[in-house]
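Welcome, and please take a moment to open the structure beside this text. We will walk through a few of its features together.

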Amino acid sequence: MLRSFRITGKILALLTLLLFSLSTMAQESEKFWKPIADEVYLQEVARKIPFDKSVSSIGAIQDQVLMVIESQVYQLKNDQFELLKKAPQGVNRLISLDDAIWALTKSGLQKYDGKTWTKMSDLVVVDMCKHLGTIHAATEEDIYKLVGNEFVTTKPEGGYLNSDITTLMEDGTQVHTDPVRLGPISKVDSYSGTLYVLRRGELVQFDGSIVNTDFIDWGQLPSRKTNDLLSFGSKMYISTDRGLGELRGANLDVIKGEDGLPVEQTTSVTRGFDNDLWIGTERGAVRKVGDEWQYFGADHWLPNNKVNEISVSGKQVFIATDGGIGIITYEPYTLQKKASYYERHILEWGHKRLGFIQSLNMRDGEWIRSVSDNDGAHTATYLAAMTFKYKVTGDETARQEAIDALKALVWLERITPIDGFFARSIYSKEGDKGGLSRHGSGGLPAKWYETKDGKFYWKGDTSSDEVIAHFYSVSLFHDLIAEGKEKELASEHLVKIARYIMENGWVLIDMDGKPTRWGRWNPEYLLRPYGYNDRGVNGLEALAFTQAAYKLSGDEAFKNGFDELVGLGYLNNTLRQKNTFPPSTLAPWDDNLAFEAYNTVLRYTDDPQTRSFLLRSLERTYEIKLMEHVPWFNFTYGAYTNNDFDNEQCVKHLRAWQLDCVVHRYYNSHRDDLFVEEGYKSYEGGLKSISPRESAVKRGSRPATDLDGGSGSQVMEPTGFLRDYWMGRYYGFIKAPTTTDKDLLMVETRKEQKGAAPYKGPGRPEF
């Protein structure tokens, strides 16, 4: 009988395992998203070389770059402008053509082969192109082709004919009162085996005899102020001050801001290196890659917004502006290599101190680590990033980084004399610079307290931002990679905080015996007018930290606390936790807090009814944030719903992050393409989702609808990228790179000091 029972037990166990496997397979098959490979792509690397005079023209061949400044030719050497003494004088323009740079001067045409200058003609040339395999040069009135070493006119012996049929005789001849002019020519190019000439406000077709002004059957130029001409595959582009003209066959379309062109006041058009189009404008440079428009403006990419000309050599783009040149180099990268680059940046620039991650600010010509209101929250992002990375890769360095960050967060609680109350940040009297900040929450006076040993100050008035950041990151560490005593330390830390808040009636009590300004989750605050706008996000936070504390400790008091909050309507209030109106209630950092709460509470909630409320809340919030394409929002949604989300946009977003973490000034409010993309809606009044390429490195929720910002006096830690990338890898949204080339997977370590000086104060105590 006993033997029979044992056999039955084994069968039941096998059946249970089978059913679990089938259930798991069913869930796997219900995924509506597809992973995106971390493939090799080309990463922009910016370099600016300012000059106090306008660079009117630029040409590049191989590794040589020449520029025209006040009609003289300069050469770029070691990022300096050097006057080229043997170059011709009175230069109007430089053109890169046929592995040479041609100088169009007031006294003739000269060619530079990279070593010597050769005068090729006395013609005063205005433009050049290659037509049917032969170089052609245009003067203001005629076009010449290069035969051997001589330019020969293409003008017919009997003069030019025109396309006006009223002058056409029965025998095919034409009668002209005045000779037909090809000019005045400003630009020339070859399109579909025919030469095209740009005259002021007019595009002309020239087949070798007929000057055809009547070949466009549909459409017209966007403006009579025409600037440049470029043949580009099946299309020809004409730049004007009111958009681009796009010729296809006999149809001329107009491309304006509403079509995606960031700036309609275009100055030049240039062919790129990868079937891409470069457009100079009065307010920055634009790259068109397929259907995507990319905007490059000052101050990050360019020394000045007025772009005069663009030249491309290899995978380098040289942009001549009124204030010097911008150079954009395209280097092969994977997102994993970019993550490695950012980790190196954190070390080289001195963002890390005592386990905390901090931004840098310029003070009196020196980069200083900023001891902020939210050092714990900023460090929490790094802790999450390193936790995900270790779980994905098993890299022991990542694990040690995570442990170090964890101890920094635990120290914030240990440094205060009250169990469960923790500091915002810690300032070393000997090791830190910049002094204690005077301001705290919402501009209120800061609350600093000195430690008994006199070595440190710690900042009170701790906010809800800090609380949910601790719970999100520390619980993630606990669940994914903590071992032995680490689990106990992580669990104890969170349970103490939750218990302190709950026992004080759902508020965080400061040293003065009063609630902190934002540490309030009590119904007296959230369910009354004073705190009513916060009822959704703060209620979501309270549910998250009580649920987490219960799962980590098993203490029924936390379950009872959770149930108490549900009874007060907190769960229902999460459904509309995301405020969309009025504008005064819109706080982008609240989105970061909400998603930290979603990531925490959904990880621990099994009850179907409770989960239903939380998922409906997430669905609504995600719909509002969808237009911004931020991976943090998308990956959270995908992880807990398995629904389709903007995965391709997420990878594109991560690739668009700039390598330079200095928060340069950026401007987008002047753009002509400020509209919400098709298929998306703006619920908060945002005009457009601004790519990281077009703004700056940001932290937290990284608001993507801020059009202008930056100051040039801050360096931001790139931990948001690290968290999002490794989160995507952990959940399988991003597949590991397939390349085995080490140079495409990581950057070399260096011993460079670029930012803040190394910390030299007292160390963090051991626990």
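Is Glu 348 buried or exposed? With a relative accessible area of 4%, Glu 348 is buried, where buried means under 20% relative accessible area, exposed over 50%, and partly exposed in between (1.4 Å probe, protein chains only). Before going on, note that this is a predicted model, in which local features need pLDDT of at least 70 and side-chain atom pairs count only at pLDDT 80 or more, while totals for chains, interfaces and linings use all residues. Residues are numbered from 1 along each chain as its sequence is written, and side-chain values use heavy atoms, with hydrogens and water left out.

Let us stay with charged groups. Side chains of opposite charge can pair when their charged atoms come close. The structure holds 53 salt bridges, each being a side-chain nitrogen of Lys or Arg within 4 Å of a carboxyl oxygen of Asp or Glu. One of them joins the side chains of Glu 348 and Lys 754, at 3.9 Å from N to O. Glu 348 sits in helix α2 (residues 335-348) and Lys 754 in the segment after β41 (734-735), so this pair ties together parts that are 406 residues apart in sequence. Helices (H or I, at least four residues) and strands (E, at least two) are DSSP runs, numbered from the N terminus.

Another salt bridge brings Arg 702 and Asp 724 to 2.3 Å, N to O. This pair links distant parts of the chain, with Arg 702 in the loop between α14 (647-655) and β40 (714-715) and Asp 724 in helix α15 (residues 719-731), 22 residues apart. Both residues are buried. Elsewhere, salt bridges that share partners join Arg 344, Glu 348, Arg 750, Glu 752 and Lys 754 into one network.

Now turn to an open sheet of four strands, ordered β7-β8-β9-β10 with antiparallel pairing; two strands pair if DSSP finds at least two bridges between them. Its edge strands, β7 (91-97) and β10 (117-121), each pair on one side only. Strand β9 (residues 108-112) meets β10 over four bridges, and Gln 110 has Lys 119 in β10 as its bridge partner.

Finally, look at Thr 621 in helix α12 (residues 608-625). Thr 621 is buried, with a relative accessible area of 0%. Leaving aside residues up to four places away in sequence, Thr 621 touches Gln 577, Lys 578, Phe 595 and Tyr 598, a contact being heavy atoms within 4.5 Å.
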